[in-house]
Amino acid sequence: MNDVPGSPIRSGIPEHGRVPKYYAVKAELEALLDELGEGGALPTERELAARYEVSRETLRQALRDLLIQGRVRRRGRSTVAAGPKLEQPLSLASYTEGVRRQGRVPGRTLIGLEQLGADGQLADQLRLPAGAPVWHLERVLLADGERVGLESTYLAVARIPSLEREFDPGASLYAFLTEKLGIGFGAADERIETVLATPREALLIGTPPALPMLLLHRLTRDTTGTPLERVRSLYRGDRFSFTTRLEPDS
């Protein structure tokens with residue numbers, strides 16, 4: 001039995017004891033990755049298949065599982081051991097704060113900042129008239145220069161008319177709103193689901209379309225309870241986990 005926190009019960013081995021061949025190879029590869037350490041390159045597929053006496057397809061299935069888990073990543077033509085996943089708190093702290101707390105360097109690449117007319121659902125969420133102008137800010141999220149997510153934010157133009165002129169798209173939007181404009185953040189509603197990226201999203205983030213993603217929908221209000229922003233954040237499932245603290249009801 002594996003007693004490491006977060007590990008599968010009985011190391012993932014069924015009660016009948018029969019283990020699929022790819023899973024046995026995966027266990028061997030995990031031990032090898034532990035020896036290599038972050039950034040260490042695995043031998044070639046041909047070498048690994050010969051070492052474990054399995055077909056290339058069986059080996060690739062094991063590697064696909066490790067890629068989805070975030071244990072390995074691609075570097076050119078090589079497969080290397082990945083570092084630990086980024087732990088993003090489920091709180092009103094910004095992405096920048098969450099990444100910095102783990103000793104990583106946050107960053108963002110601007111995809112676009114434009115004005116749109118709010119459709120019915122967005123207008124309702126932000127308590128705006130249908131068709132009211134809203135900012136749409138879309139950015140790729142970075143950690144130590146690696147693309148790890150894609151974020152789309154919608155805000156009322158009437159509330160923040162200076163966004164295009166004064167905001168640095170590479171910086172924290174939360175810091176801009178609080179420090180420059182004096183807007184305080186109140187409560188937020190957030191929903192998380194697992195999805196696959198669209199072809200466009202996969203291209204922007206630089207991942208295979210089949211890689212599972214964590215999708216967060218957030219509606220944030222200011223301290224008066226007025227809706228402030230709607231955010232759609234897409235995070236790589238192999239590079240992110242989310243944490244929160246649960247308290248008993250008083």
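Arginine 218 is buried in this predicted model, at a relative accessible area of 12%, and the cut-off for that label is under 20%. Glutamate 190, for its part, is partly exposed, at 32% relative accessible area.

Both strands belong to an open sheet of 6 strands, which runs in the order E4-E5-E6-E9-E8-E7 with antiparallel pairing. Strand E4 (106-117) and strand E7 (185-196) sit at the edges; each has a single partner strand, so one side of each lacks a neighbour in the sheet. From one strand to the next, the twist averages 15°. Elsewhere in the sheet, strand E5 (residues 133-143) pairs with strand E6 (residues 146-156) in the antiparallel sense, over 10 bridges. Within that pairing, arginine 139 has glutamate 151 of E6 as its bridge partner. Strands of a sheet pair, in general, through backbone hydrogen bonds.

The largest nonpolar core holds 16 residues, and the members that touch the most others are Val25, Leu29, Leu42, Leu48, Tyr52 and Leu59. Helix H1 (21-36), helix H2 (45-52) and helix H3 (56-69) supply at least two residues each, and H3 gives the most, with 5. Nonpolar side chains do tend to be buried together in soluble globular proteins.

H3 deserves a paragraph of its own. The helix has 14 residues and spans 20 Å from its first C-alpha to its last, close to the 20 Å expected at 1.5 Å a residue. Thr58, Leu59, Ala62, Leu63, Leu66 and Leu67 are the buried residues of H3, and they pack against H1, H2 and strand E1 (72-75). An α-helix has 3.6 residues a turn, so residues three or four places apart point the same way. After H3 comes glycine 70, with a positive phi near 90°.

Charged side chains of H3 are paired too. Arginine 56 meets glutamate 45 in a salt bridge (3.5 Å, N to O). Because arginine 56 lies in helix H3 and glutamate 45 in helix H2, this pair ties together parts that are 11 residues apart in sequence. Both ends are partly exposed: arginine 56 has a relative accessible area of 32%, and glutamate 45 comes in at 24%. Glutamate 57 and arginine 64 also form a salt bridge, at 3.0 Å from N to O. Here glutamate 57 is partly exposed at 45%, and arginine 64 is likewise partly exposed at 39%.

Across the model, the count of salt bridges comes to 15. Some of them join up into a network, which links Glu146, Arg236, Asp238 and Arg239.

Conventions. Residues are numbered from 1 along each chain as its sequence is written. This is a predicted model: local features need pLDDT of at least 70, side-chain atom pairs count only at pLDDT 80 or more; totals for chains, interfaces and linings use all residues. Side-chain values use heavy atoms; hydrogens and water are left out. Two strands pair if DSSP finds at least two bridges between them. Helices (H or I, at least four residues) and strands (E, at least two) are DSSP runs, numbered from the N terminus. Axes are lines fitted to C-alpha atoms, for helices over the stretch in contact, and angles run from 0 to 180 degrees between N-to-C directions. A nonpolar core is a set of buried Ala, Val, Leu, Ile, Met, Phe, Trp, Tyr and Cys residues joined through side-chain atoms within 4.5 Å. Buried means under 20% relative accessible area, exposed over 50%, partly exposed in between (1.4 Å probe, protein chains only). A salt bridge is a side-chain nitrogen of Lys or Arg within 4 Å of a carboxyl oxygen of Asp or Glu. The expected span of a helix is 1.5 Å times one less than its number of residues. Contact means heavy atoms within 4.5 Å.
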